[in-house]
Every structure is written in C-alpha cells, then in structure tokens.
Amino acid sequence: FPFHKLGGAFMNAAVENPSWMPFTANRDFNLKPRVITGAEGDWYTTDGGTRLYDTFSGLWTSGLGHCHPKIVEAVQKQVATLDYCMTFQVTNDKALKLAERVTRMAPDGIDHCFFTNSGSESVDTALKIALGYHRARGEGNRTRLIGREKGYHGVNFGGMSVGGIVPNRKVFSPALLPGVDHLRHTLDIKRNAFSRGLPEHGIELADDLAGLCALHDGSNIAAVIVEPVAGSAGVIPPPAGYLERLREICDEQGILLIFDEVIAAFGRLGHAFGAQRFGVTPDIITTAKGLTNGVVPMGAVLVRDAIYEAFMQGPAHMIELFHGYTYSGHPVAAAAGLATMDVYDEEGTFEQSQALESHFEDLLHSFADHRHVIDVRNYGLMGAIEMAPRDGAPGARGAEAHKQCFWDENIIVRAGMDTLQFSPFLNSDPDEMAQSFEAVRRVVDTLD
Ligand code: PXG
C-alpha cells in the first residue's frame, strides 16, 4: 500500500514505510512524509499538489532544471530504439558519441573516458585506475592513497576510505582500506569567515601532502584525491593557490592528482570542468550528476592519455583493466548525456552560470550579519550559510530550517547539520532566486 496515500503520520512508521531512505532520519521523516511526485523547470510538485521551488537543483544534479524537454525527448526516443546493450566486448553508438563529446570538452591532454553509473562508482573506478596505472609502469609499490578530511567521495569502500566525513566512516572503520592518509581540511572560519570566493588563508595546508611524502616516501603514494570545492561538507572553496600547490607536489613526486568533480563539473563553476575554472589540470577527473542533468544515473571517469596508454600493453586479445559495470555506457543514460551536452552548448549554460554568480553571492552574503550565522561561503554556483549549532543539539537548527522551508515556504533547502547548502539552477531566474532567499530569511529569523 503506497504509504504516502495514508496522508500523514504513522503509528508504527518503521513498519508502515517499506522504503528505507538514504541519508535520512527515517523515523522523523515518517512522522510527516515529504513526497514529491512531479517536476518541471525549477519547481517540484508534491503529492498534495503543492509547488516547491528547488534551491538545490535536485542534489547538485539538475542544473538545467527538471524535465528539460530536449532531454526528455532524447530519452524517450532512445528507450524505444536501443534500451540496453552491454559495453563489454561490444558497445553502442550513444556511449561512443558521449565519450567523444565529453573528452572534447575536457582540459587538454585528458582524452579517455570510462563510464560508470554514479559518483561513488566513478571514485572507486578512479582509485583502481590509479593503482593499475602505476603497476603497469612497473611502480606497483605506489599503493598509498591520500584523501582529505571533510572530503566526500561517495559511499563505496574506496571512496569512503579516502573520504573524510566522520559519520560516514565511523561504523565501517575496521573495513576501510589500509594505506590511506588524509590531508587536513581547509575550513578555517576563524581566519576566513565570510570570504567571497576563494579564501585568502590556507595555501600552506597543501604542504600536508609534502609532509606525507616525507613520511612515507613519495614513491609509495599512488594518488591524491580532492574535490576542487568540497561540496557535501558544506561548500568549502580551496584557499587561493592551494590546488596549484597540490599539482606541483604531485608533479615533483610522480603522484596522480584526482579531482572529484561529481559536483564541480558541467557548469556549477561556470565551466565544463572545475579544473578549467582553476587553471589546474589533474590526471583523472571523476564526474556524475550533471553528466546527464540527473535524468538517468551515469558517471564518467576521465583520464590523461598517458594513463590509458600505460594499460595498453601485453597480448592485444587480453582485457587490460578487469573492471566495469553491467550498466557502464548504458545507451539510455548516454542519450540523456548527449542531449544534456547539446543543451549546455545551445543555451550557453556555462555562461548563464557565470552571469548568475555575483547575484548569488550577494544573496548569500546578505545573511552575514544574521544572529545565527557564523559563516557564508561561495564559489561559482555553490553556496553555504553556516549557522551556529544550538547548545547541546547540533544539527537541530539546520533540520528545523529544512522542514520549515518545505512546509511553510514551499522551497527545498538542503541542510547538512547546521549548514544550509545552495546549488541553484545554472539558468535560474534571478528574481526567483532572490525570492527563495527571502523565504530562507523568514525561516532563519524564526529559529531559536
Ligand atoms: N563525489 C562527490 C564530490 C559527490 O558530491 C559523490 C562523489 C557520490 O556520488 P553518488 O552518485 O554515488 O551519490 C558525490 C555525491 C550533499 C550530498 O548533501 C552530495 C552528494 C551525495 C549526497 C549528498 O551535498 N554528492
């Protein structure tokens, strides 16, 4: 029985709602379910028929807005033409075209693409490629992986191990990969609060990588993975010069630099890739989300030519990389991806995104003097308003803000603990964006 048809709270919620929801306070949710049944453009529709403005573009996914007609049409057509085709030993036309298209958009020198179905799979694929690459070149000793505190690289074992979100790791601690170290995170509210764009202080934190090279000897390190701008942890832009310094150390030490661009790629930072915005080219880029505008699950790992070439040795009839997913290069996902790339081009989405940045920044920073707010951070169309935790109840303010926004103001606002996160549509209407922040202000004003 569809539980939302019951229309309200459940006496025994854990039994009544058979859907065990991801990253959700399930018992709290079941007391008053928030169920979405439709979407168009910048708006969702709930089961009660209410329209909700989406300030988060899905989950950083749907920068073009929901149900974009061109993507809908491409998916409908593809599902009736070739609904599935494995990409082991044969492939499909759409996967080939999308790989060609995406590598063409990538920074120079990055020209091969391996398809996955999610950001988590992209990250684990990238880590495996890094290990395989070094081994193929006779440097099989390079096995250590370096992540960063507060990093989010998905929830599979590799990504969780290099990730640095404590609650995501805590329960699984004994099963995390061995040989992983973490750079310190770069959030420094004391020195950098209310920075607009890249914070001024903290480039020296990149030298943590040099320190780990000294500790382990750099020749044992395979790769370092960072989000160019940390997303899930609450939008933490890198200190000015930090990514450049990481690149330098990686070059000196022969370490692969992986940018996890699951959020940053495809317009969120005003370019096809965050790497282009920063002018720093990593060796591997992981993507998902904006690759298909979130319409069909898909991810892609982009690699430098030299990495691909390193694998292309041994007997030519042999598989070079024993890795792949049943749905790698799924034709329906790839068709969605191709249509998404078409729209990005035709509508000038990345330029639209750039044009919205300063408006977005001003709206976020209008919260700077609010009594609850301890920091505001932004870069590109990624933004966060961090509230002080309530005494003895960390996360309560954020959770209340999320629910009040939903029920009282008809907007979706994402809260990670007490940090409100914003990921507006890349083609947002500036007035609607402003109205959504007015609604957020009304809510934040009412919080204890
Ligand atoms: N890397 C990064 C940088 C991500 O942001 C993943 C990997 C994993 O992707 P999948 O598709 O496996 O979920 C992500 C996902 C949030 C939030 O609140 C962000 C993500 C997921 C859940 C919540 O910001 N990003």
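Modeller: The model is a predicted one. The second largest pocket holds about 990 Å³ of space. Its lining counts 28 residues, and T87, F114, Y308, E320 and H323 are the closest to its centre. By class, 18 of the lining residues are nonpolar, 9 are polar and 1 is charged. Four elements each supply at least two residues of this lining: helix 5 (93-105), strand 4 (110-116), strand 10 (299-304) and helix 13 (305-311). Strand 4 gives the most, with 4 residues.

Strand 10 pairs with strand 9 in the antiparallel sense, over 4 bridges. Within this pairing, I285 has L302 of strand 10 as its bridge partner. Strand 9 (residues 284-287) also pairs with strand 8 (residues 256-260); these two run parallel and are joined by 3 bridges. Here I258 stands opposite I284 of strand 9. In a regular strand, side chains alternate between the two faces of the sheet. In strand 9, I284 and T286 point one way while I285 and T287 point the other way, and all are buried.

Another sheet is open and has 4 strands in the order 1-2-3-13, with mixed pairing. Its edge strands are strand 1 (36-40) and strand 13 (411-412), each of which pairs on one side only. Strand 13 runs parallel to strand 3 (residues 51-54), and 2 bridges join them. Y53 stands opposite I411 of strand 13.

The largest cavity has a volume of about 110 Å³. It is lined by 16 residues, of which N192, P199, P237, D375 and R377 are the closest to its centre. Helix 9 (189-192) and strand 11 (373-379) each supply at least two residues of the lining of the largest cavity, and the largest share, 4 residues, comes from strand 11. The lining of the largest cavity divides into 8 nonpolar, 5 polar and 3 charged residues.

The second largest cavity has a volume of about 60 Å³. Its lining consists of W60, T61, G63, I263, A265, F266, R268, G290, N293, Y344 and L426. Of these residues, 6 are nonpolar, 4 are polar and 1 is charged.

V343 lies in helix 14 (residues 331-347). V343 counts as buried because its relative accessibility is 0%, and the cut-off for buried is under 20%. Beyond its neighbours within four places in sequence, V343 is in contact with L64, H68, K70, G348 and T349. V343 and Q354 are 11 residues apart in sequence, and their C-alpha atoms are 16 Å apart in space.

H365 belongs to helix 15 (residues 349-365). With a relative accessible area of 8%, H365 is buried too. Leaving aside neighbours within four places in sequence, the contacts of H365 are F194, S195, R196, V376 and N378.

After helix 10 comes D217, which has a positive phi, near 75 degrees.

To return to the request: in the second largest pocket, the residues closest to the centre include F114 and Y308, and strand 4 gives the most to the lining. Strand 10, which supplies at least two of the lining residues, is paired with strand 9.

Methods: Residues are numbered from 1 along each chain as its sequence is written. This is a predicted model: local features need pLDDT of at least 70, side-chain atom pairs count only at pLDDT 80 or more; totals for chains, interfaces and linings use all residues. Side-chain values use heavy atoms; hydrogens and water are left out. On a 1 Å grid over the protein atoms alone, a cavity is a set of points where a 1.4 Å probe fits but cannot get out, and a pocket is an open set with protein on both sides within 12 Å along at least five of seven lines; lining residues have an atom within 4 Å of a point. Grid points are joined across faces, edges and corners, and a volume is the space filled by probe spheres set on the points. Ala, Val, Leu, Ile, Met, Phe, Trp, Tyr, Cys and Pro count as nonpolar, Asp, Glu, Lys and Arg as charged, and the others, Gly among them, as polar. Buried means under 20% relative accessible area, exposed over 50%, partly exposed in between (1.4 Å probe, protein chains only). Two strands pair if DSSP finds at least two bridges between them. Contact means heavy atoms within 4.5 Å.
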